[in-house]
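Here is a colleague's note for someone opening this entry for the first time. Please keep the structure in view while reading.

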Amino acid sequence: MPELMLHKSLYDAAVVHQVARLYEGVATIAVDEDPHAVTVRFDDVDPDVADVLVDHFGNHVLVETVKQANAAEQVLMGDSR
Amino acid sequence: MTRRGSIAVTHPRLDADKLGPFRFGRIDDKVLLTHDTGQWHLLSEPDFEALLAGTLGPDHPDHAALVDKGFIRDGMDADAIADRLRRKKRWLGMGPHLHVVITTLRCNQSCKYCHASRTDMDRVDTDMSIDTARLVVDHALRSPSPFIAFEFQGGEPTVNMDVIRFIVEYSRERNRNEGKTIEYSLVTNMTRMDEDKAEWLLANDVFLCTSLDGPRHVHDWNRPFAGGQGSAPFDEVMKWVQYFNRRYVEMGRDPELWHVDALMTTTRKTLEHWREVIDLYVSLGIRNLYLRPLNPFGFIMKTWKAVGYDQEDFLRFYEQALDYIIDLNRDGVQIIEGTAALFLKKMLTPDDPNFVDLRSPIGAGTGQIAYNYDGTIFPSDEGRMVDAMGDPIFALGRLGELTPDEAIGHPTVKALAVASLLDTLPMCSTCWNAPYCGVRPLHNYMMSGDLFGQRPNTPKCKQHMTIARLLFERLSRDTDGSLEAIFRRWTLERPRETPPPDLDADGDAGASPAASSPASGDAAPDSAAATE
Amino acid sequence: MSDDALQDEIAFVEDGRRVALTLDEELYPRDAILGAAYLFVDRAWVFLSRPGDRQVEVRLKPKGDTDSAALEALAGEFANELLNQVLRVRIGESTGRIREYYMARAFFSTTTQSSIDQLLAELDEEELADDDLEISVPWDTPEPAADTPDEGPAVGDEEPPRA
Ligand code: SF4
C-alpha cells in the first residue's frame with residue numbers, strides 16, 4: 001500500500017483533500033493531516049493503475065497547488081487596486 | 001546504484017528596482033523581452049545581463065527603445081503604457097460581436113474529421129425555423145458591440161437557405177434603428193450551391209468561406225459525400241470558387257478584398273501533400289491559408305487512427321509550410337498563413353485582431369455567441385459541439401427565455417473567462433508569449449474534463465508557443481528587414497469598402513485605417529477556426 | 001537594490017531512474033521552485049519534499065525511458081529554468097506595483113494611486129529605506145500622456161535588432 005507524504009509548506013493541504021476525492025474510484029484513499037504534512041495512503045489499488053497512481057497523484061497535487069498559488073496572487077493584486 | 005553530482009549555477013547580478021515589468025524567454029542566442037502592451041525587444045545575453053544589473057546606460061543604442069517600451073524604469077511613461085494597453089484590449093467590455101448561427105444540422109457530406117454534429121439530409125427536424133431566426137437577430141442586435149458579424153454554419157448551412165436570407169434581410173431592416181456595422185459570412189462546402197443562391201449571396205455582400213483540404217485526392221478522401229456517392233466534392237469547390245471570384249471581378253470589386261476564403265483542416269493525408277495544397281490555394285487566388293490542426297471535438301475521437309498524427313508531426317509540417325509561404329511571398333505571391341498573421345498583428349501593430357480564440361480572456365460568451373438550430377444559446381460553437389456529443393454543460397439557455405445580459409453574465413461564461421485569463425494561469429502568467437497568446441478552456445475540458453488543463457500537457461500551448469517562436473526566430477534573423485516588410489503586409493486588414501492605404505517605403509502598415517479597425521479579423525477565418 | 005552575481009552549486013543525486021536536486025530556499029524561493037516544477041509535468045513525475053529546514057528536494061522521474069546522462073541533463077535543465085523563475089519572481093516583486101498602476105489606469109476609471117508621481121515617490125522611499133548604499137534614481141517627470149489610444153505609437157515598431 002503506497003503512501004505519500006506531502007509537506008504543507010510545499011503543497012496546499014486543501015488541494016490534497018480535493019484531489020484525493022477525485023481518485024477514490026481507483027483506490028481506497030486515506031488522508032491524514034498533522035501540523036506539518038498531509039499523508040495519503042492508497043489501498044485496494046486498481047491493478048491497471050498501480051504503477052502510475054502515486055506518480056499521477058503527485059503531479060496532480062502539484063499542478064493544483066501552483067494553480068491556487070497563482071490565483072491567490074492575482075486576487076491580492078486585485079485587492080490592492 | 002546512486003551517483004552524486006552538482007550543477008554550477010550563476011545567479012546574475014540583479015537591480016530589479018531599475019526595471020519595468022516584463023516577461024522574457026530565449027530566441028536563438030538572444031533574450032526576448034515582451035511587455036503587456038505587446039511590445040518586445042531582442043537583446044544579446046551580455047546586454048540582458050547589463051539590463052538586469054542596471055548598467056545598461058543611456059549611451060547604449062537600445063537604451064531609448066527599452067525605456068519607451070517600459071523595460072527600464074527610469075524615464076518610463078506609465079501613463080502612455082496604460083494608453084497602449086487600453087488600445088490593445090479595447091474589445092474588453094464591448095460584448096459579443098461574432099454570432100454563429102447553425103441554420104441546420106443537415107449535411108450531404110460525411111467528412112472524416114467532422115465535429116459539426118451533422119445529420120442526414122432527410123432530418124428536416126434539425127433545420128432552424130424562421131421564428132427562431134427572428135429571435136437570433138433580436139438577441140444579437142442587443143449586444144453592446146457596434147460591430148456584429150453573423151456567421152452561418154451547419155451542417156451545411158445552405159441546405160436551409162431560407163433562414164440565411166431571412167436573417168440577412170431582417171437584421172438589415174432592424175439595423176436601420178440600431179446603426180451598427182453588420183457583416184455576414186457563410187461557411188459552405190459549395191456542394192449545394194446554385195446560380196440563384198450565388199447571385200443572391202453576391203448581391204447581399206455575404207462573405208464566402210469554403211472548406212478546401214487540398215488537391216482532389218486529399219479533399220475527396222477527407223470529405224466524401226454521405227452515402228459514398230460517386231461524384232467529386234472537389235470539382236464543386238473548384239467550380240464555385242472560380243465562379244464567385246470571376247463574378248467579383250465582373251462586379252468591379254477589388255479581388256484583393258473580394259474573393260472566396262478557404263479553410264483547410266489538416267489530416268494525415270495533408271501532411272504528406274502539403275506543398276501541393278499550398279500550390280493549389282495559390283493557383284485559385286486564395287490569399288489567406290489557414291493551417292489548422294484537427295481538434296478534439298466530435299467524431300474525430302473515433303477516427304483519429306485513420307486521420308490523426310502527432311503534435312510534433314503537425315508542428316514540423318507547419319514550419320515547412322510557413323517557410324514555403326514566406327518564400328512564395330519573396331517571389332511576389334500574395335498569400336498569408338492565417339494563424340501567423342494573427343500573432344503578427346499582435347506583435348507588430350498597436351492593435352489586436354480580437355480573434356475570439358486567441359485572446360485573454362477568451363471570447364466565448366463575451367466576444368462570441370452560438371445559436372443552435374433549435375434556439376439553444378452557447379458561448380461558442382465549440383460549446384455547441386460538446387453538447388452534440390451528449391454533454392449539455394455549456395448550454396446557457398434558450399432564445400426568448402435568456403436575455404443577452406443574462407447570457408453574458410451566465411456563470412458558465414464567467415467560468416470560461418476565469419479559466420482563460422493568462423495572468424492567473426500557471427506558466428502563462430510568466431510566459432514570454434502571453435501578450436500574444438490565448439488558451440482554450442473547452443479544448444481542455446474535452447481532453448481532461450477540466451477547464452484549466454495542465455499547460456505543459458495542452459497541445460494548444462505547444463502550438464502557440466511554437467508558432468510565436470518560429471516568427472520571432474525569423475524576425476531575429478532578418479538582417480535586411482525584408483521579412484519584416486512581408487510580415488507587416490500580413491497584418492494589413494483593410495475594410496472591404498475603402499481604397500487601399502498607401503504603404504510607406506518600409507511597407508509600414510502601422511497607421512493604416514485597417515490597423516485600427518475594431519472589426520478587423522472578424523470575418524470568416526476567425527469563427528471558422530473556432531468552430532470547424 | 002542590487003544583488004551581486006552569485007555562484008552556487010546545486011547538489012543532485014540520481015539512481016538511473018530518477019534524479020533529485022536539493023535546493024536552499026534562501027536562494028530559491030518557494031514560488032520559483034513551484035514555477036519551475038510546473039514546467040516539467042509533461043516530461044516527468046515531480047515530487048517535492050523537505051529534507052531539512054529551509055531545504056527543498058525536487059525529485060524528477062522521467063515519464064519515458066532514461067539513463068544517467070539523460071537524468072543529469074534533466075537536472076541541468078531544471079536548474080536553468082529555476083534560475084529563470086527566480087529572476088521572474090524577483091522582477092515581479094519589484095515591478096508589481098507599477099504593473100498594477102498601468103493596469104488600473106488602463107482598465108478602471110479610478111485608481112487607488114492618484115498619480116504615477118505619487119507611486120514613484122513611494123517606491124523611491126521604499127528603495128531608500130531598503131538599501132542605504134544605493135543611490136536613488138530620481139523618477140523623471142513623465143512625458144505627457146500619449147495621444148488618444150487610436151493614435152498611439154505603433155507597437156514593436158522598431159527594427160528588430162539585426163544579427
Ligand atoms: S498557453 Fe503556453 S504559450 Fe500560451 S501563454 Fe500560456 S504558457 Fe505561454
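This is a predicted model: local features need pLDDT of at least 70, side-chain atom pairs count only at pLDDT 80 or more; totals for chains, interfaces and linings use all residues.

1. Make-up of chain A. Chain A has two helices and three strands. Read from the N terminus, their order is β-α-β-β-α. The chain has 81 residues, and 44% of them count as buried.

2. Contacts and surface of chain A. Take the contacts in chain A with a separation of 6 or more: 64% of them join residues 24 or more positions apart.

3. Chain A against chain B. How many residues of each chain are in contact here? Seven residues of chain A are in contact with eight of chain B. The size of an interface is often given as the accessible area lost when the parts come together. For chain A and chain B, about 620 Å² is buried between them. Of this buried area, 59% is on carbon and sulfur atoms.

4. The salt bridge in that interface. The rule finds one salt bridge across the interface of chain A and chain B. A:Lys67 pairs with B:Asp450. Their closest N and O atoms are 3.9 Å apart. The cut-off for a salt bridge is 4 Å, so this pair counts.

5. Salt bridges overall. Side chains of opposite charge can pair when their charged atoms come close. Over all chains, the structure holds 49 salt bridges. The next points take up some of them.

6. From chain C to chain B. C:Glu72 and B:Arg3 meet through their side chains in a salt bridge, at 3.0 Å from N to O. This pair crosses between chains. C:Glu72 sits in helix H2 of chain C, residues 68–107. B:Arg3 sits in strand E1 of chain B, residues 3–11. Buried or partly exposed? C:Glu72 has 35% relative accessibility, so it counts as partly exposed. B:Arg3, at 29%, also counts as partly exposed.

7. Between two helices of chain B. B:Asp68 and B:Arg84 form a salt bridge, with their closest N and O atoms 3.1 Å apart. B:Asp68 lies in helix H2 of chain B and B:Arg84 in helix H3, residues 78–88, so the pair ties together parts 16 residues apart in sequence. B:Asp68 counts as partly exposed because its relative accessibility is 36%. B:Arg84 is buried, with a relative accessible area of 8%.

8. Inside one helix of chain B. The side chains of B:Glu250 and B:Arg247 also meet in a salt bridge, at 3.0 Å from N to O. Why is the separation about one helical turn? Because B:Glu250 and B:Arg247 are three residues apart in helix H8 of chain B, residues 233–250. B:Glu250 counts as partly exposed, at 49% relative accessibility. B:Arg247 is buried, with a relative accessible area of 18%.

9. A network. Salt bridges link B:Asp28, B:Glu319, B:Asp323, B:Glu473, B:Arg474 and B:Arg477 in a network.

10. B:Leu56. This residue is in the loop of chain B between helix H1 (45–53) and helix H2 (63–68). B:Leu56 has a relative accessible area of 8%, so it is buried. Setting aside residues up to four places away in sequence, B:Leu56 touches B:Asp47, B:Ala50, B:Leu51, B:His63, B:Leu66 and B:Ile72. B:Ser380 is 324 residues from B:Leu56 along the chain, and their C-alpha atoms are separated by 47 Å.

11. B:Thr267. Here the loop runs between strand E10 (261–265) and helix H9 (268–272) of chain B. B:Thr267 counts as buried because its relative accessibility is 0%. Which residues does B:Thr267 contact, leaving aside neighbours within four places in sequence? They are B:Tyr113, B:Trp221, B:Asn222, B:Leu294, B:Val307 and B:Tyr309.

12. The ligand. Its surroundings are B:Met427, B:Cys428, B:Cys431, B:Asn433, B:Ala434, B:Cys437, B:Val439, B:Arg455, B:Cys461 and B:Met465. Of the residues in this shell, eight are nonpolar, one is polar and one is charged.

Note on methods
Residues are numbered from 1 along each chain as its sequence is written. Chains are lettered from A and ligands numbered from 1 in the order in which they are written. Side-chain values use heavy atoms; hydrogens and water are left out. A residue is near a molecule or strand if one of its heavy atoms lies within 4 Å of it. Ala, Val, Leu, Ile, Met, Phe, Trp, Tyr, Cys and Pro count as nonpolar, Asp, Glu, Lys and Arg as charged, and the others, Gly among them, as polar. Helices (H or I, at least four residues) and strands (E, at least two) are DSSP runs, numbered from the N terminus. Buried means under 20% relative accessible area, exposed over 50%, partly exposed in between (1.4 Å probe, protein chains only). Contact means heavy atoms within 4.5 Å. Buried area is the accessible area (1.4 Å probe) that two parts lose on being put together, summed over both.
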